Amino acid sequence: MPSFLQPEWLISTFGLIGILVLVFAESGLLIGFFLPGDSLLFTAGLLVADGRYLRQPLWLLCLLVAVAAVAGDQFGYAFGRRFGPSLFRRPDSRLFKQENLARARQFFARYGARSIVLARFVPIVRTFTPIVAGASHMRYRTFLAYNLIGGTVWGCGVTILGYFLGQVAFVKSNIELILAAIVVISVLPVAVELLRSRRRARQS
């Protein structure tokens, strides 16, 4: 990653407010798809366990992260509901690619309401899925229920994982390797789906 996207640098520079802003942006803003959500939360949990940069208790960090994640998706849903039709006609730019929106649309069509929870664990897709849900006029109560579940499980789960693994000597001494592994695991579903799409395109 570029230095300005490395989780430890982001946390040491912007602290808890920076974490919450980035989680919100990645969850519901079109420009947030490139942000390191999984590795950021894992590192936040690790640093809480280590007592560096973050002095807040784990429960408070988890609560605020979950709120930021849910709020981000709520914004994405409202944005998609309001601007959905024009969004699908928007030309590609440096920060916006129709293929990302199409990928999220396929994900939503395949998994339905469950995609709101599942997309939390798939980079890029998690940014665009709430927008697609809004554009598709998914029932708001259904979206809200799945959003609360997904935001809480993802936000708290990854942070708590970092907290407990951060107390393991091997993890503390090999943090860069662990973060690299998290990034690889995070993008693996996207890579698999791309390979499947190419295979289907060749067959057709």
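Which helix does Ser115 lie in? Ser115 lies in helix α5, which covers residues 115-118. The model is a predicted one.

## Overall architecture

The protein has nine helices and zero strands. Along the sequence the pattern reads α-α-α-α-α-α-α-α-α. There are 204 residues in the protein, and 46% of them count as buried.

Residues 24 or more positions apart account for 76% of them.

## Annotated transmembrane spans

An unreviewed UniProt entry lists residues 9-37, 57-80, 143-165 and 177-195 under "transmembrane region".

Residues 57-80 are 96% helix and 0% strand. The end C-alpha atoms of residues 57-80 are 35 Å apart. Residues 143-165 are 100% helix and 0% strand. For residues 143-165, the end C-alpha atoms lie 32 Å apart.

Ser115 has a relative accessible area of 0%. The cut-off for buried is under 20%, so Ser115 is buried.

Which residues does Ser115 contact, leaving aside its neighbours within four places in sequence? They are Phe107, Phe108 and Thr129. Phe107 and Phe108 belong to α4, and Thr129 belongs to α6. These three residues also take part in the contact between α4 and α6.

## Helix α4 against helix α6

Helix α4 spans residues 98-111. The axes of α4 and α6 come within 8 Å and cross at roughly 70 degrees. Angles of 65 to 115 degrees count as roughly perpendicular, so α4 and α6 are roughly perpendicular to each other. The crossing of α4 and α6 is right-handed.

On the α4 side, the contact uses Asn100, Leu101, Arg103, Ala104, Arg105, Phe107 and Phe108. On the α6 side, it uses Val125, Phe128, Thr129, Val132 and Ala133. By class, the residues of the contact of α4 with α6 divide into eight nonpolar, two polar and two charged.

## Helix α3 against helix α6

Helix α6, residues 125-135, also packs with helix α3, residues 58-87. The angle is about 60 degrees, and the axes are 6 Å apart. What is the orientation of α3 and α6 to each other? They are oblique. The crossing of α3 and α6 is right-handed.

From α3 come Asp73, Gly76, Tyr77, Phe79, Gly80, Arg81, Gly84 and Leu87. From α6 come Arg126, Pro130, Ile131, Ala133, Gly134 and Ala135. The residues of the contact of α3 with α6 comprise seven nonpolar, four polar and three charged. Ala133 takes part in the contact with α3 and in the contact with α4.

## Helix α2 against helix α3

Helix α2 spans residues 37-50. The axes of α2 and α3 come within 10 Å and cross at roughly 160 degrees. Angles over 145 degrees count as roughly antiparallel, so α2 and α3 are roughly antiparallel to each other. Their crossing is right-handed.

In α2, the contacting residues are Leu41, Ala44, Gly45 and Val48. They meet Leu58, Leu61 and Val65 in α3. Six residues of the contact of α2 with α3 are nonpolar, one is polar and none is charged.

Gly15 lies in helix α1, residues 7-28. Gly15 is buried, at 14% relative accessible area. Leaving aside its neighbours within four places in sequence, Gly15 is in contact with Leu10 and Leu54. The C-alpha atoms of Gly15 and Ala44 are separated by 9.3 Å, and the two residues are 29 residues apart along the chain.

Leu16 is also placed in helix α1. Is Leu16 buried or exposed? Leu16 counts as buried, at 14% relative accessibility. Not counting residues up to four places away in sequence, Leu16 touches Leu54, Gln56, Leu61 and Leu64. Leu16 and Val65 are 49 residues apart along the chain, and their C-alpha atoms are separated by 9.2 Å.

## A backbone detail at His137

His137 lies in the loop between α6 and α7, the latter being residues 140-165. Phi of His137 is near 55 degrees. That is a positive value in a residue other than glycine.

Conventions. Residues are numbered from 1 along each chain as its sequence is written. This is a predicted model: local features need pLDDT of at least 70, side-chain atom pairs count only at pLDDT 80 or more; totals for chains, interfaces and linings use all residues. Side-chain values use heavy atoms; hydrogens and water are left out. Axes are lines fitted to C-alpha atoms, for helices over the stretch in contact, and angles run from 0 to 180 degrees between N-to-C directions. Helices (H or I, at least four residues) and strands (E, at least two) are DSSP runs, numbered from the N terminus. Angles under 35 degrees count as roughly parallel, over 145 as roughly antiparallel, 65 to 115 as roughly perpendicular and the rest as oblique. A crossing is left-handed if the near helix is turned anticlockwise from the far one by less than a right angle, and right-handed if clockwise. Contact means heavy atoms within 4.5 Å. Ala, Val, Leu, Ile, Met, Phe, Trp, Tyr, Cys and Pro count as nonpolar, Asp, Glu, Lys and Arg as charged, and the others, Gly among them, as polar. UniProt positions are given in the numbering used here, feature names are shortened, and annotations may be inferred rather than shown by experiment. Buried means under 20% relative accessible area, exposed over 50%, partly exposed in between (1.4 Å probe, protein chains only).
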